[in-house]
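Here's a quick walk through one protein model, with an eye on charged side chains and a helix. Have the sequence and the 3D view open as you read.

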Amino acid sequence: MPEISIIIPCYNGQTYLPRCLDSLLAQSFQDWEAVCVNDGSTDATAAILDAYAARDGRIRAIHQANAGVSSARNRALEESRGQYVLFVDSDDFLHPQALEICLELAHRNGSDLVSFTYDHAWRTRLMIRHALHLRDPRSIRFPAIGDFESATTENIFDHATERSKHEDPLATRHCQPWRCLYKKEVLEGISFIPGIIYEDFPWWSRVLLSVKKTTLTRLPLYYYYPNPGSYILSSREEYKIRSLVTAIAAAKEAYATASSAIKAKWEQEFLQPFEHKLASKRTPVGRVRARLLLFGHILNPLWDGEEKHRERRCAAFGRILTAYMKRNWLPAARSVKPAPCTENTEEKIFTLWLQGEQQAPPIVQSCFKSIREHCTQELVVIDAETLHDYISLPEAIEEKYRAGKIKPAHYADICRVELLHTYGGYWLDSTCFVTGPIPEYIREQDFFVFMAGAKIHGNYSYIQNCFIRARKGSYLLEAWRAMILDYWLHEERRVDYFMHQVMFRTLVQEVPEARAYFDRFPHLDQYPTHLYLYEYKDHPWDPEVFRKATQEGFFYQKTSYRDLEKVVPGSFADYLIRYSKTVPES
């Protein structure tokens, strides 16, 4: 078996691949193999690999359909036979003494990992030549390496960082796989996440946890080629955001059970830089709100009527907010994969009144009574004291709520999706007055919400969320929840009152799997549930009118608990307010 396996993922690398392979053939250390995976290249890459493999048996060419760099590296690792592993990208190359020096340090110090760096001077000169539109140099002068400084440590977390600057001059900086020689056994069970860029971050983070002894150098053994056609430089920003979200989530999961000291070091040196990178790629909330003001109001004239003004405003808000959600927050939902729901024969109806049921105003108490009288499901009224007995939200979100950055309405939105994520069942706002049992066509759904409808902000709010039915594990709920949590973990103010509803709209419009689930449940206009507010609130109580109105839906929403002194005596509103104390005869 060879001492070192060199992993080379290749995709359309015909221009630079020969230089990379020639640098291996020129190595002073000879006991190596190169596992080269051609990842569905459409140029001459396959032919070049086959020619070099025929020329030197240490070079192995593996061909596969295009699946991305992660898949190519994973495949090469599976096929590798060496005791040590070194990564090289196909447009880069090595110093002739790279393998010899790294292996000598690994053997001498018994290290699992030997770190080095790339030749910064060569990269800088090359970038200047590119800026001046000059050709790459035809030959490279490799400096001979004699005495050099190194250090060995059993605590890599004191020396590893994603930041360019570090107090330790020997620190191993950044998480590119090609910066180190690895003992293969420390890589067992650690793979690259397919389908994303920044795949090196969660991979490297897991490697750090398995390394026991490290040798550090600043030797420039690697020659990095700043290829403008590389995947990461040519990728769209939305894809970069999605990749960062997935990478950060996977890396956090790896450190969930790490010791507090290691976790703190890793978060400071690696997680924070990547979260700052993610934040820099997302559109600032202030910029979006300015666009909403400009196109929804300033450039939206009133002289052709209030209704036209409202239609244009809703259309502009829907267009701007959907584009914003698609780029910035949809990536979190894309990381959620459909899975079977959990059946629960004892589903409950959850509602929230933070001050406690006994302190609720009469109309809210009437709503609670109506639910208990008409629904077979148990009603769970959650208040501020019991909320965290049921759910646990990220501390960063709790802090923002306590500081007033998350308003009560949006905090309640977060709580309702978290409750349904945890238990499944039903959510009803505390101001929903129920007039009949939850219909069978809703109970049989994995997920259900009412559509906003054209009469009530339907052009951009899309759905209403005062009533939600979701079985535990519902894909639509899980993907929607991922967007909501990701937003509030990273932002400190709302972009729009209906932002959570627009997230759902973006999800089902942009993700085919979500659209398929969305199309399964009936799309019913919410307007009948508003009849009480918009048609009958101040009208004299009439039981026959009430019976006809309740045939349109099983509950009324938006039964305001404010301005009770303005309620017209003997009206529909008056009837509902007094419902908690007595039920007038029909």
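Does K400 count as buried or exposed? K400 counts as buried, because its relative accessibility is 10%; the cut-offs are under 20% relative accessible area for buried, over 50% for exposed and partly exposed in between, using a 1.4 Å probe and protein chains only.

Before going on, some housekeeping. This is a predicted model, where local features need pLDDT of at least 70, side-chain atom pairs count only at pLDDT 80 or more, and totals for chains, interfaces and linings use all residues. Residues are numbered from 1 along each chain as its sequence is written, and side-chain values use heavy atoms, with hydrogens and water left out.

**Around K400**

K400 sits in helix 15 (residues 395–402); helices here are DSSP runs of H or I with at least four residues, strands are runs of E with at least two, and both are numbered from the N terminus. Leaving out residues up to four places away in sequence, K400 touches K405, I406, W488, L489, H490, E491 and E492, where a contact means heavy atoms within 4.5 Å. With E491, a polar atom of the K400 side chain lies 2.8 Å from the backbone oxygen. A47, on the other hand, is 57 Å from K400, C-alpha to C-alpha, and 353 residues apart from it in sequence.

**Salt bridges**

The structure holds 34 salt bridges, each one a side-chain nitrogen of Lys or Arg within 4 Å of a carboxyl oxygen of Asp or Glu. Here are some of them:

| Pair | N to O distance |
|---|---|
| E33 and R60 | 2.9 Å |
| R312 and D304 | 2.9 Å |
| R481 and E418 | 2.8 Å |

R481 in helix 18 (residues 475–490) and E418 in helix 16 (residues 408–423) link distant parts of the chain, 63 residues apart. Both R481 and E418 are buried. R312 counts as partly exposed because its relative accessibility is 29%, and D304 is partly exposed too, at 38%.

E33 and R60 are both buried. They also belong to a network of salt bridges that links E33, R60, R75, E79 and R81.

**Helix 19**

Helix 19 is mostly covered, with 10 of its 12 residues buried; among them are M499, F504, R505 and V508.

How values were computed. A polar contact is a pair of N or O atoms within 3.5 Å; within protein, one must be able to donate a hydrogen and the other to accept it, and residues adjacent in sequence count only if both atoms are side-chain atoms.
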